[in-house]
Amino acid sequence: MRAEPSRPGDQVAVAADAGLLRRALAEVRRVIVGQDHMVERLLVALLARGHCLLEGVPGVAKTLAASTLATVVGGSFARVQFTPDLVPSDIVGTRVYHPSSESFDIELGPVFVNFLLADEINRAPAKVQSALLEVMAERQVTLAGRTHPLPKPFVVLATQNPIESEGVYPLPEVQRDRFLFRVKVHHPSAQEELEILHRMSVTPPTPSPVLDPPRLLALQQAAEQVSVHQLVADYVVRLVMATRSPAEYGLRDLEEVIEIGTSPRATLGLVAAGRALALLRGRDYLLPDDVRDVAVDVMAHRLMLTFDALADGVDAEEVVRQILVAVPPPLVVWNQGPR
């Protein structure tokens, strides 16, 4: 199949947006050594108005990357260290009684910022994690019967350590589904490790702001205007449906592996993340390659594998890669000639 995108609109504006985004990436990379995939996904999540979960062992710059990006893109920032004794009011706020006036006032919690860093989110109990659901999905907090909207833009950047089992609470499926991306962060290479030693053993570099909240909102709107051809949209749907009915796509072996396929949020997430990546790459139209590039980070954490698959150590990311191989993308041809 061949999909022919519509002709581009203001290419000068698209190029300017892409250049600004690349400047922001370069500024983050002045501080973060390597981890290019993680840094790019963080910025794409911001453009797509999605939340991002960083999963990796301690010491691989998850927290530093999130805080550095928040500085580069501007806006208010708060870091909450999640612990087992945390309660919901510690993050969303509570009512405080003032004896002098014999009245209650609302004290808003640290979530009322543009960028919330939920550090080691899997250390908090279920009540605290569930308190984040309204924050992440509706971008608002309800206290004492009153709804308080969060500032715009708003994004949750969460980190978790996958190797510990004591004192941690695995994120429930419903909360994992609220994250646009789950990005696995690995150890740096030997060359990157040497660069970390050279860069961080003296005065560490400090990032400078490149964007501000109004400009970021404008970039988010520009990403939403990226053109999506019907055949590319159909490709996204076929990828998602392959997780629910794998036998129909020649993946009968996956029927014994996948318990429940991805939700419609995966469909929306593939398009939103693909659009943001296309804008970052200087295009105002979505290509199947953009979708394929974000598919693993968007879909893997939303898959529910069977008990036997989990016992056998099946990796959800490998399952998504099998689907990408089995589901053919449309051939997109860009025609710059007159219509």
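Helix H5 (126-138), E10 and helix H10 (264-280) each supply at least two residues to the lining of the second largest pocket. Let me start there. This is a predicted model, so local features need pLDDT of at least 70, side-chain atom pairs count only at pLDDT 80 or more, and totals for chains, interfaces and linings use all residues. Residues are numbered from 1 along each chain as its sequence is written, and side-chain values use heavy atoms, with hydrogens and water left out.

A word on terms. Helices (H or I, at least four residues) and strands (E, at least two) are DSSP runs, numbered from the N terminus. A pocket is an open set of points on a 1 Å grid over the protein atoms alone, where a 1.4 Å probe fits, with protein on both sides within 12 Å along at least five of seven lines. Lining residues have an atom within 4 Å of a point. Grid points are joined across faces, edges and corners, and a volume is the space filled by probe spheres set on the points.

Back to that pocket. The second largest pocket has a volume of about 370 Å³. Its lining has 16 residues, and Arg49, Gly50, Arg178, Arg265 and Arg302 lie nearest the centre. H10 gives the largest share of this lining, four residues. By class, the lining has seven nonpolar, three polar and six charged residues. For the classes, Ala, Val, Leu, Ile, Met, Phe, Trp, Tyr, Cys and Pro count as nonpolar, Asp, Glu, Lys and Arg as charged, and the others, Gly among them, as polar.

Now the largest pocket. Its volume is about 610 Å³. There are 23 lining residues, with Glu55, Gln160, Pro170, Arg176 and Arg182 nearest the centre. Helix H6 (173-176) and strand E10 (179-185) are the elements that give two or more residues to this lining. The classes come out as 11 nonpolar, five polar and seven charged.

Which residues have the most contacts inside the largest nonpolar core? They are Phe181 and Leu270, in a core of 77 residues. H10 supplies the largest share of this core, nine residues. Apart from it lies another core, of 27 residues, including Val113, Ala118, Val128 and Phe154. A nonpolar core here is a set of buried Ala, Val, Leu, Ile, Met, Phe, Trp, Tyr and Cys residues joined through side-chain atoms within 4.5 Å. Buried means under 20% relative accessible area, exposed over 50%, and partly exposed in between (1.4 Å probe, protein chains only).

Look at Phe181 again. Leaving aside neighbours within four places in sequence, Phe181 is in contact (heavy atoms within 4.5 Å) with residues including Arg41, His51, Leu53, Ala273, Val294 and His301.

On to a hairpin. E7 (residues 140-143) and E8 (residues 146-149) pair in the antiparallel sense over four bridges. Two strands count as paired if DSSP finds at least two bridges between them. Val141 stands opposite His148 in E8. The hairpin has two residues between its strands, and Ala144 in the turn has a positive phi of about 55 degrees. In a regular strand the side chains alternate between the two faces of the sheet. In E7, Val141 and Leu143 make up the covered face, while Gln140 and Thr142 make up the uncovered one.

Most residues other than glycine have a negative phi, and most peptide bonds are trans. Lys152 and Pro153 are joined by a cis peptide bond, with omega about -5 degrees. Pro153 sits in the loop between E8 and strand E9 (155-160).

Gln35 has a positive phi of about 50 degrees although it is not a glycine. Gln35 lies in the loop between helix H1 (11-29) and helix H2 (36-47). Is Gln35 buried or exposed? Gln35 counts as buried, because its relative accessibility is 15%.

Glu120 also has a positive phi, near 50 degrees. Glu120 is in the loop between strand E6 (115-119) and H5. Its relative accessible area is 24%, so Glu120 is partly exposed.

Glu27 lies in helix H1. With a relative accessible area of 13%, Glu27 is buried. Beyond neighbours within four places in sequence, Glu27 is in contact with Val72, Thr206, Pro207, Ser208 and Val210.

Glu259 is in strand E11 (residues 258-260). Glu259 is exposed, because its relative accessible area is 53%. Not counting residues up to four places away in sequence, Glu259 touches Met304, Leu305 and Thr306.
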